[in-house]
Amino acid sequence: MGDHLDGARAKVQRAKEHFRDLCFRHQEFMGLNPYGVVVEHDPDTGERRWRARVSRSIPDTWSIVIGDVIHNLRAALDYLAWELWVKEGGKVTEPAATGIVFWVIDPTKPSNPKVAKAVREGKVGAFGNAAVTLMERLQVDPGRKASPDPELRPLWLLHQLDIWDKHRRLNVVGGTEQLTHMTLGGPGEDVHIEEMVIGGGDIRTVPIADGTELLRLTLGPTTPDVQMQQQFTGFVAFEQEGPGKGEPVIPTLDQLISFVDEALTLFAPLLM
């Protein structure tokens, strides 16, 4: 008899294969320098503008590959749920068999304690108390740095991306991340601010098109000497309006793969 998690692990492995393919495509694409920055300077007004330069479009086929990664990861969790249900005595012939999926709680809706208790009791009946306790832990994923946005928690994000991909294409767009160092004042000038950092590597602009304004700064005639160093890093992101909410595609998928991998390891002792 094979391992109860063979099917789930095979799904994760397939997701990793699609992810490696996507990483290769991403590396080739970024190697062509599709995203750059041009600086416009008006000497009369002292205004400077930094604009995106976009020279290439993201291939349409990437959305399909990303969807394959997402679906295989979500299916792995449902395979896990099925094995947990069978372990608790579930039968393939039962009417409930077609509705066995991994439990996901919507973090955006207020919880009614009475309803929540009833739902939990139903899940315990299907999967057992130990499994449900682990499922509850995974809703928040406390082992990682918590996102301030509950919609970006790994389990909910994976669930929503999978639903989105079932009905429409997961669009991906270009984006930039901004980090700017600014030094004010030359030798002998009475300037109290010596250095200012705009951003912390996390000021993102998504989506970007050719000509998108990334930063604007006006230096008046009385402004001390200014030296600026800008770093704009381009990346490929999920569209802002969808469940990915402008997050970079490659690190997000990598996080989701690790999340599901670790989930299978966490549940494995319950299926021995």
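Colleague: How many salt bridges does the structure hold?

Modeller: The structure holds 16 of them, a salt bridge being a side-chain nitrogen of Lys or Arg within 4 Å of a carboxyl oxygen of Asp or Glu. Keep in mind that this is a predicted model, where local features need pLDDT of at least 70 and side-chain atom pairs count only at pLDDT 80 or more, while totals for chains, interfaces and linings use all residues. Side-chain values use heavy atoms, without hydrogens and water, and residues are numbered from 1 along each chain as its sequence is written.

Colleague: What makes Lys245 and Glu151 a salt bridge?

Modeller: Their closest N and O atoms are 3.8 Å apart, and the cut-off is within 4 Å, so the pair counts. Lys245 sits in the loop between β6 (226-238) and α6, Glu151 in the loop between α4 and α5, so they tie together parts 94 residues apart in sequence. Those helices (H or I, at least four residues) and strands (E, at least two) are DSSP runs, numbered from the N terminus.

Colleague: Why is Glu151 called partly exposed?

Modeller: Its relative accessible area is 33%. Buried means under 20% and exposed over 50%, with partly exposed in between (1.4 Å probe, protein chains only), so Glu151 lands in the middle class. Lys245, at 27%, also counts as partly exposed.

Colleague: And what makes Arg216 and Glu213 a salt bridge?

Modeller: The closest N and O atoms are 3.1 Å apart. Arg216 is partly exposed at 43%, and Glu213 is partly exposed at 32%.

Colleague: Which residues are linked in a network of salt bridges?

Modeller: Glu47, Arg49, Glu213 and Arg216.
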